[in-house]
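Student: Could you walk me through this one? I'd like to see how you read a model like this.

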Amino acid sequence: MANDNTLVKAWLHFLCNDDNLPKSTVAETITNTGISIHTSDPYTANDMGIVFFDDINQQLLSFLREVSLSGRKRVLAIADSGSTLTNGVVWRLLQAGASDVFSWDHSANPEIEIKNRLERWHTVDQLACSSLVRNNLVGQSPVWVSILRQIIEVAKFTDANILIMGETGTGKELIARLIHTLDQRSQKHELVVLDCTTIVSELSGSEFFGHERGAFTGAVSSRDGAFALANDGTLFLDEVGELPLGLQAQLLRVVQEHTYKRVGGNAWQSTNFRLVCATNKNLMQEVKQNNFRHDFYYRIANWTCRLPPLRERSEDIMPLVQHFMKILRTDEDPPELDEPVREYLIKRDYPGNVRDLRQLVTRLTYRHIGTGPITAGDIPEEDRLSPESLQEDWCNKHFEYAIRHALSAGIGLKEIGRAAEETAVRIAVSNEKGNLQRAARKLGVTDRALQLRRASRRQNEIPQEFD
Ligand SMILES: Nc1ncnc2c1ncn2[C@@H]1O[C@H](COP(=O)(O)OP(=O)(O)OP(=O)(O)O)[C@@H](O)[C@H]1O
Ligand SMILES: [Mg+2]
């Protein structure tokens, strides 16, 4: 059973024959662990699923891509007994959207390994869909869902120190707060935030460790520092990349041993905190350039995550716009947006990422008059696009960025083309909330071509009509 006591359900699908592993035996063995196995169509099921395979071919890769919605839905890929799984194959399956891959005979109790994974994923996904997360951290793009799942898992099931990296405005502070909220410690105390850009070096010792009365001129009474205040809670060191090297050296012991001395004091104090750090610098790069201590880096970064800039998750722009509008107009439904405004919001650059978008939505809402849709005139003059960027074709730098990324990951032309098509279909179908007729119109193909394509995807053939 998962922690929340709900029954974990999963579909089971076989892309292999019955010779080595009879289907009914597999289903029964897994069901006996407490997982509810059903036979729903994997293409339409909302649950997680397990696929058994005996051959690594295009059919398997397409299946994984399609049913996992590029990794958004969890699929566990299990190689049939006797099949060999080479490292290269495992990476390809993960890349196609599998959440994990192993072979049925890789351990004595594969069914328990399946159960453990499905239950963990179920708990994590339930949290990712909870109002606590969805009402605060908006985003459904695959890259965002994937990062959120990792953060939830590490926050809830470990006590690791976490380093959050990401450009300005990508949500680092929101994530730090989420980590603290999800931390499982019983009788957990506060989240203490310390902004490393505001630390004055002469007073830094006292800020971090506290001081005894009379420790220095002006120390008229003793005082607790950040490490004491964060005892049994979380210490969030924001902008940790700004910490001077000397100060990093002073923090090594307390981060590792959780013991320290107050300024002017001799007694060792102990404290029990989880450390979460954030930075918009590439800290590994800073370590290489000797601007950041490598021993301190490894102490603060038991686990690292990089929050994607908004340009890497433009699918999330419209949901974020809706979210910010709801926050601004709590008393009424958010207004609709005219098509040119939607297009503008998606096309625009956001150097300040989500914060930038939030401020823009605020400006649009201030200017908007009445209850009708927001129109192009509501966009403040200084925010409007230049004539050049209006003429910019759709293959702009974001597109180029994605292609560069794919090429550097070793993905070939055929795969890129297929991924572009699949992405277009997925976005169109999802924008039209599953209405295939409207999605087909958006894609400029006939309804039949779209239906055929989706059906034939499953058999790994692309219909002529679509090409
Ligand atoms: N996924 C999100 N969903 C909703 N709001 C978000 C999301 N990400 C960021 N925001 C909003 O964007 C703003 C900036 O977020 P936050 O302060 O967490 O960013 P940051 O990465 O810490 O930025 P900086 O590096 O400038 O300190 C906040 O108003 C926050 O509420
Ligand atoms: Mg911040």
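Student: Okay, so at roughly what angle do the axes of helix α6 and α7 cross?

Tutor: A quick note before that: this is a predicted model, where local features need pLDDT of at least 70, side-chain atom pairs count only at pLDDT 80 or more, and totals for chains, interfaces and linings use all residues. Residues are numbered from 1 along each chain as its sequence is written, while chains are lettered from A and ligands numbered from 1 in the order in which they are written. Now, α6 covers residues 142-157, and its axis comes within 8 Å of that of α7. The angle where they cross is roughly 40°.

Student: And what do we call α6 relative to α7 with that angle?

Tutor: Angles under 35 degrees count as roughly parallel, over 145 as roughly antiparallel, 65 to 115 as roughly perpendicular and the rest as oblique. The crossing at roughly 40° therefore makes α6, relative to α7, oblique.

Student: Which elements give two or more residues to the shell around ligand 1?

Tutor: The ligand is surrounded by 17 residues, with Thr-168 and Gly-171 among the closest. Being near means having a C-beta atom, placed from the backbone, within 6 Å of the molecule. The elements you want are α7 (172-182), α13 (317-328) and α15 (353-367).

Student: Is Tyr-298 buried or exposed?

Tutor: Tyr-298 sits in helix α12, residues 294-300. A residue is buried with 20 or more other C-beta atoms within 10 Å of its own, exposed with 12 or fewer, and partly exposed in between. Tyr-298 has 12 such neighbours, so it counts as exposed.

Definitions and conventions:
Helix = DSSP H or I, 4+ residues; strand = E, 2+ residues; numbered from the N terminus. Axes fitted to C-alpha atoms, helices over the stretch in contact; angles between N-to-C directions.
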